[in-house]
Amino acid sequence: MTNSPIPRAGSLLQFGNETKAAGLPSYQFNDSSRSISIFDPDLPAPWINYLSNGSLHAFVSHTGGGCLWWRSPINFRITRYRGWTHPTDGPGFYLYVRGEDGAVWSPAFKPCETPISQWEARHAPGVTTFSGRHGEIEVTQELFIAPDCETLVWNVAVTNHGSRETSLDLFGYTELGLLEYPLESSWGYYVRHQFKTWFDEPSQAQLYLFHHESHPRLSEVPLVYFASDREVVSYGGDRQGFLGHGRTERNPIGVERGHCGNGSIWGGDPCAAVQVKVAVGAGKTERLAFFQGVIPGAIANFTESKEKLCAELTRLRTPGFVAEQRARLDDWWSEQFGGFDCKLPDLDCQRQIRTWTPINCVQTGRYSRSFSQFASGLRGFGFRDTAQDMLAIVSRRPDWARAEFLRLLNHQFADGHAVHTYYPEDKQDPARTVHSDDHLWLPLLAYSLVAETGELDLLSTRTHFLGEDGKSKGAEATVWEHLLAALEFTHTHLGVHDIPLTLHSDWNDCIGRFAREGKGESVMVAQQYIFVLRQMIELARAYGDEKASTLLSGRMDAQLRAVTAHCWDGDWWMRGFNDDASPLGSKTCDHGRIWLNSQTWSVLADCGTKDQQVAAMDSVAAILGTERGIKKLHPSFPTFPEVADAFSGYSLGSGENGAIFCHANAWAVIAECLLGRPEHAWKYFRQLVPHLALQESGVERYQCEPYAYASSIIGPENPRFGLATLTHVTGTAAWMDIAGTQYLLGIRPVLDGLKFAPCFPPEWSSFTANRLYRGCRLDIVASKPAGHAGAVCALLVDGERHSGDTLLPKWVAEKKAARIELVWEPSGVEASPCQLPVTRERR
Ligand code: GLC
């Protein structure tokens, strides 16, 4: 299935006379291969893809810009990417093709930018392919990371469409960095003398060894190689020597003169360049590859590393090996997609739910909020961020989510609170500011893991807290004790209204501004606490801890009482209280009168009456709704220099200050599903689908990828309304996955089983889905007469009728596959206008 290409008015195509005609498509989704083809290199921002085998990683833009790193972009950053010069986008994985006539071009269009007659960049899961044609020669450059080697493979095919044999020179080039990126940025002018580049005859590889004696993981520092499966004609490790004086990657002297210069340096500006020659007969295609990778442990044992290098390159050069690796990579992704699939009447939502959201969730699972064309890579893993990201990994890779969950628990202190940021791959101390919400995301992940797998013994697994010094191991406790400690911390940190203190901040990074004296309180955390208490009470009952269940029920009632007594503002929920106990997010405020999160979370937590919840979400629609998504708050706060002590430095309508904060929009989708209001729910969901968001604003305004979520979209109080910021590394991905699969399509794991509560748009009559559930592949058919208002009242499991809306695991325990059909309440029965959240239901 391929959607029609998106025409771009007044296309900026500049790269070839034949393709200059305006109106050419700028991109097109290829749904059957789950890829996107981009036809215009001249985009307002780099549109990137991530390539990875789980330990070696890269991102690459639509014109070949990008960065390669091993394990961590903080201490093992292999190549350079000048993120600060956005939107320049470079350097990257550059291939130069030099014909017999000396003309030079690049299949990725950059760095040469030579006009070429055909061009396409294709991003697919884990693979990016550039294809270009210059005269009679067509070259494709496919980039992916081999699952079984720490190697970025550049798979190249050269086709000669002409009528005589021709000989070409191909040059692969990357700019190398000093591995330790923070050190390079501060002390690079000294440290740049602490490496060597050279060509290694036995392995026929251009090598690089960074040997700064204080590297935090010195024993793992790798040997970096760049090699080919063809005979190497020339090579270079000296960037200056390869590029030439006053030149850039666009016109290197090494390519112009047809020889890399064979430069080796013991300090300075490193690069890796390799030249090979290929003769291609008329009508023939020749294949070759370049390999850029690492052999860890080179300083600890250099001789062994050199031996491993030879063995690795022998493997990589073995005919068929690269193709095999590519197939293994595709298998990994097929398994990933196999967890959930769907066929919907709405193709844009279908594409997003079945392909691009799951891809984005793998990236946030791997990179948290850390590294992209916009993000520096220095941030490590956010505690709250990872706890939420893993919610979307649970159903497809429960083992991954479980391991990350246990690691989170190791970053929780014995008093229940958690670090704010941790660095799993770097010897770096965690960030220790105390936030009111970080630890409260743990129960959500625990609930989700148990609901998905049915493995209650997770709760009795023992693992350690973090020691008080923030470095050593603390006492060991069961997972259940860790979760109870998290709740205890919140219980012992309540303010004058008996709702949680905001502390350094809640989910909203900047909200601590209202709680500097330590007295400010957060309504969102109160609601999150109630949500979590509901889940914990369910878990306590399932786990057989009646004492905890009773204790937590009392605390939940008390918290509900506190919120309903103090936090209702008439038409919506306040957002909190300032240090002086005055309300935040109230009609009495000049700015930030209404905030999105306390409205959505009142529904998620089932806090207040149904009328209040509906009124709150109506206020969201009326005051915060825009044609491009929902603002985080309104009106935005004036900032410096208008006020001396601003809420935040964020300009009006951006970031925390009134942008369309996409992550928070996903909770609005869920809230509207729970209220049984499909028109609102689907509208909010569609506004965030990147392809639709781009169409709404136009590519010049929206700028970013039509397939990856944006962290925020600039809001209407700012002249750049509609501009997407910081794509890929955002919590939007995980919550849009949950909103799409568990609430809109309503296929939701709960402790008892798999619940079916789809939020059908009135015009839909059916959809199908396929989901792996505890080893059984479910073929789900949801058909409903259009406009029917009832809820699911029974399930047909391979034709056998079971009443209720929840599939009990025992019904499919013996099966490898089952067909599930939804049976609806008889027509005319009113749907409950407010479907209950998962935690409130009991069977
Ligand atoms: C950013 C942060 C995240 C925070 C959110 C809202 O995305 O990474 O931790 O919750 O902003 O402030």
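Tutor: Start with pairing: two strands pair if DSSP finds at least two bridges between them. Helices (H or I, at least four residues) and strands (E, at least two) are DSSP runs, numbered from the N terminus. This is a predicted model, where local features need pLDDT of at least 70, side-chain atom pairs count only at pLDDT 80 or more, and totals for chains, interfaces and linings use all residues. Residues are numbered from 1 along each chain as its sequence is written, and side-chain values use heavy atoms, without hydrogens and water.

Student: OK, which residue in β34 is the bridge partner of I660?

Tutor: I713. β33 and β34 (residues 710-713) run antiparallel, joined by two bridges.

Student: What's the strand order in that open sheet?

Tutor: β33-β34-β35, with antiparallel pairing. β33 (660-661) and β35 (724-727) are at the edges with a single partner strand each, so one side of each has no neighbour in the sheet.

Student: Zooming out. How many helices and strands does the protein chain have?

Tutor: 19 helices and 43 strands. The radius of gyration (over C-alpha atoms) is 28 Å, close to the 28 Å from the globule rule for 843 residues, so the protein chain is as compact as a globular protein of that length. That rule is 2.2 Å times the number of residues to the power 0.38.

Student: What share of the residues is buried?

Tutor: 64% of the 843. Buried means under 20% relative accessible area, with a 1.4 Å probe and protein chains only.

Student: And what are the spans along the principal axes?

Tutor: About 80 × 60 × 60 Å for the C-alpha trace.

Key. Buried < 20%, exposed > 50% of the residue type's maximum accessible area, 1.4 Å probe, protein only.
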